[in-house]
Amino acid sequence: MKNIKKINKKKEIKLTAKEKKKIKREKKNYKNRNSVIIEALKIVQEERNWISDEIIIAISKEIGVSYNDIEEIATFYSQIFRKPVGKHIIKFCDSVVCYINGYKNIQKKIECYLKIKSGNTTKDNLFTLLPICCLGNCNFSPTIMIDKDIYGPVSTNSIIQILDKYL
């Protein structure tokens, strides 16, 4: 559990009017305040790319839920980013089907080309490479997802052309 007093000593960050408006709209869909936490995190992450401790405080104030309740959810879900990520998120499927069809070679090719390891971000903050247990595209494995675009089956030959589209 984080020390909120230490976090509060940092510069206070506020939600934008746009973020507040979207969160208020979402709150109307839920009877329980805790139920809107995930949606609020997604709304803010869509605008800022990641969720800082200070943003959790701002969300807490906006929806009236404790910092710790939001922190627990933010750290549980792998699609909520708790540290800065690149402009483009590359997710490679590491399911059994993609394993059988060679995702390891794809992963190695991406790591070599971008000069990063899985879980890291390129020095220019353009790409973050993340494993994901399933992209639901098994009939086209191995599969990767860049932002909201799904590619598959990918090969060590096609992956560089795909990545170059995002440069």
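Modeller: The model discussed here is a predicted one.

Biologist: What is the orientation of H2 relative to H3?

Modeller: The two helices pack at an angle of about 155 degrees. Angles over 145 degrees count as roughly antiparallel. Therefore H2 is, relative to H3, roughly antiparallel.

Biologist: How many residues of the contact of H2 with H3 are charged?

Modeller: H2 contributes Lys18, Glu19, Lys22, Ile23 and Glu26, while H3 contributes Glu39, Ala40, Ile43, Val44, Glu46, Glu47 and Arg48. Of these residues, 4 are nonpolar and none is polar, and the number of charged ones is 8.

Biologist: How many residues of the contact of H4 with H5 are nonpolar?

Modeller: On the H4 side the contact is made by Asp53, Ile56, Ile57, Ile59, Ser60 and Ile63, and on the H5 side by Tyr67, Ile70, Glu71 and Ala74. The contact includes 1 polar and 2 charged residues, and the count of nonpolar residues is 7.

Biologist: Which residues have the most contacts inside the largest nonpolar core?

Modeller: This core has 24 residues. Strands S1 (88–93), S2 (127–132) and S3 (144–146) each give two or more residues to the core, as do helices H7 (103–114) and H8 (159–164). Ile144 touches, among others, Phe92, Ile106, Ile110, Leu135 and Ile162. The residues with the most contacts inside the core are Ile90, Ile110, Ile144 and Ile146.

Biologist: How many residues has the second, separate core?

Modeller: Leu15, Ile37, Ala58 and Ile63 are among its members. The size of this second core is 20 residues.

Biologist: Is Thr121 partly exposed or buried?

Modeller: Thr121 is found in the loop between H7 and S2, and its contacts beyond four places in sequence are with Pro84, Val85, Gly86, Ile116, Phe127 and Thr128. Buried requires a relative accessible area under 20%, and exposed one over 50%. Because its relative accessibility is 24%, Thr121 counts as partly exposed.

Biologist: Which residue does a cis peptide bond join to Gly152?

Modeller: Most peptide bonds are trans. In this model, the bond from Ser141 to Pro142 is cis, with omega near 0 degrees, and Pro142 lies in the loop between S2 and S3. For the bond at Gly152, omega is about -10 degrees, and the residue joined is Pro153.

Biologist: What is phi of Asp147?

Modeller: Most residues other than glycine have a negative phi. Asn49, in the loop between H3 and H4, has a positive phi near 80 degrees. Asp147, in the loop between S3 and S4, also has a positive phi, with a value near 55 degrees.

Methods:
Residues are numbered from 1 along each chain as its sequence is written. This is a predicted model: local features need pLDDT of at least 70, side-chain atom pairs count only at pLDDT 80 or more; totals for chains, interfaces and linings use all residues. Side-chain values use heavy atoms; hydrogens and water are left out. Axes are lines fitted to C-alpha atoms, for helices over the stretch in contact, and angles run from 0 to 180 degrees between N-to-C directions. Helices (H or I, at least four residues) and strands (E, at least two) are DSSP runs, numbered from the N terminus. Angles under 35 degrees count as roughly parallel, over 145 as roughly antiparallel, 65 to 115 as roughly perpendicular and the rest as oblique. Contact means heavy atoms within 4.5 Å. Ala, Val, Leu, Ile, Met, Phe, Trp, Tyr, Cys and Pro count as nonpolar, Asp, Glu, Lys and Arg as charged, and the others, Gly among them, as polar. A nonpolar core is a set of buried Ala, Val, Leu, Ile, Met, Phe, Trp, Tyr and Cys residues joined through side-chain atoms within 4.5 Å. Buried means under 20% relative accessible area, exposed over 50%, partly exposed in between (1.4 Å probe, protein chains only).
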